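I opened the model to look up ring pairs, the nonpolar core and cavities. My notes follow.

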Amino acid sequence: MPTLDLPTAGGGLARYTTGTPRQFPDRTNVPFNRVALAAAHVVADPRAEHDPWIETAIDWDRTIAFRSRLWDLGLGVAEAMDTAQRGMGLDWKTSLELIRRSVAAQSGRQGAVMFCGAGTDHLAAGPSVGIADVIAAYEEQVGQVEAAGGRIILMASRALAAAARSPDDYLTVYGRVLRQTKEPVIIHWLGEMFDPALAGYWGHADHWQGMEVCLEMLRENAAKVDGIKISLLDKDKEIAMRRRLPDGVRMYTGDDFNYAELIDGDEQGYSDALLGIFDAIAPAASAALAALANDRKQDFHDILAPTVPLSRHIFKAPTRFYKTGVVFMAYLNGLQDHFTMVGGQQSARSIGHLAELFRLADKAGLLRDPDLAADRMRRVMAVHGIQ
């Protein structure tokens with residue numbers, strides 16, 4: 001197995017020898033007993049002539065090929081979400097083009113599941129933006145996503161967080177928008193650890209108080225809601241909310257720290273999944289979900305347990321930069337031929353962070369070709385002056 005010198009926390013180097021990768025199927029025909037959506041990243045086009053901090057350039061072929069891989073593995077796709085750098089390099093115009101291309105790819109695949117992010121990110125928050133503006137922005141994006149053939153994930157709105165003066169404003173906005181959707185949607189409550197501009201969402205700085213407002217909104221609009229994804233990285237809050245959801249409304253875990261436990265569930269219920277980490281660990285996630293569907297719970301946990309330290313590292317604070325780790329995993333595993341990201345976000349994590357990611361991915365058996373991964377790790381270190 002390959003050996004290389006990796007940076008350490010103290011600023012030095014330490015010799016590391018990779019282990020044997022775990023073998024997971026490249027596709028599955030096993031029907032899962034959980035809804036499982038992977039929030040998918042986009043592949044940048046490093047050859048495009050553009051200003052990467054200002055303009056967006058996507059390698060469409062590689063981006064859609066990655067979604068096909070997720071569908072092969074039995075996973076659904078959560079499209080144009082924060083994992084795709086929505087609001088951190090991916091603008092609304094490009095997001096809509098991504099959705100249209102993904103819908104076209106989905107249409108040729110029987111049983112492929114996809115939901116698409118609709119929000120208000122084309123509306124800049126500011127003192128002149130009111131609740132009516134937020135509603136109109138949501139209506140515009142929802143209308144265009146539905147016209148493209150996509151089902152909706154109603155994303156949290158920075159403009160609403162800035163414009164709202166009370167919890168009632170949230171109830172007004174969501175009520176107006178949900179009454180108009182063609183099909184039941186997934187609500188996305190994205191915590192401030194993922195996006196600081198969303199602090200105080202639902203009209204309260206305290207998540208427990210915000211939860212009460214969110215639950216009221218869900219009760220008032222239950223017929224138009226497929227489920228809610230909460231991304232608060234707090235399993236106790238998710239479980240408490242899960243037990244109070246209206247009948248027929250799913251809980252989609254967005255907890256990239258505790259997903260195995262939450263998906264397995266307890267005597268009172270379980271969470272389905274809509275996770276960014278499923279992008280990075282897709283083969284393992286697929287194999288684990290197949291085991292769970294076949295009532296092999298121990299295998300489910302044995303597969304996912306080694307992935308949790310990796311996920312907690314990728315999503316460590318500042319959590320909003322987790323996309324860098326997700327794309328780095330795709331690069332290490334040969335799913336794209338470069339480590340360039342939209343908006344130059346490959347620079348958002350240090351070389352020490354990436355080295356620890358390499359170690360944890362290897363320990364989880366997720367480097368499918370250790371020689372290739374080691375060679376690519378060496379290339380990235382060389383860019384950082386480490387030979």
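Predicted model: local features only at pLDDT ≥ 70, side-chain atom pairs only at ≥ 80, totals over all residues.

**Ring pairs, core and cavities**

Residues are numbered from 1 along each chain as its sequence is written, and side-chain values use heavy atoms, with hydrogens and water left out.

I searched the whole structure for aromatic pairs and got 14. Rings of Phe, Tyr and Trp (its six-membered ring) pair if their centres lie within 6.5 Å; planes under 30 degrees apart are stacked, over 60 edge-to-face, and the rest tilted. Tyrosine 170 and tryptophan 202 have ring centres 5.7 Å apart and planes at 45°, so I logged the pair as tilted. Tyrosine 170 is in helix α5 (residues 167-178) and tryptophan 202 in the loop between β7 and α6, so the pair ties together parts 32 residues apart in sequence. Helices (H or I, at least four residues) and strands (E, at least two) are DSSP runs, numbered from the N terminus. Tyrosine 170 is buried too, at 1% relative accessible area. Ring pairs link both into a cluster with Tyr138, Tyr174, Trp189 and Tyr201.

I then checked aspartate 195, in the loop between β7 (185-190) and α6 (207-220). Its relative accessible area is 10%, so aspartate 195 is buried. I list Arg158 and Leu190 as its contacts, not counting residues up to four places away in sequence (contact means heavy atoms within 4.5 Å).

Next I looked up the largest nonpolar core, which has 126 residues. Such a core is a set of buried Ala, Val, Leu, Ile, Met, Phe, Trp, Tyr and Cys residues joined through side-chain atoms within 4.5 Å. Tyr174, Tyr201 and Phe278 are among those with the most contacts inside it. A second, separate core of 10 residues includes Leu37 and Met155.

Last, I searched for cavities of 30 Å³ or more and found 3. On a 1 Å grid over the protein atoms alone, a cavity is a set of points where a 1.4 Å probe fits but cannot get out, and lining residues have an atom within 4 Å of a point. The largest cavity has a volume of about 70 Å³, a volume being the space filled by probe spheres set on the points. Of its 15 lining residues, those closest to the centre include Asp82 and Lys229.

How values were computed:
Buried < 20%, exposed > 50% of the residue type's maximum accessible area, 1.4 Å probe, protein only. 1 Å grid on protein atoms, 1.4 Å probe; cavity = no way out; pocket = protein on both sides within 12 Å on 5 of 7 lines; lining within 4 Å.
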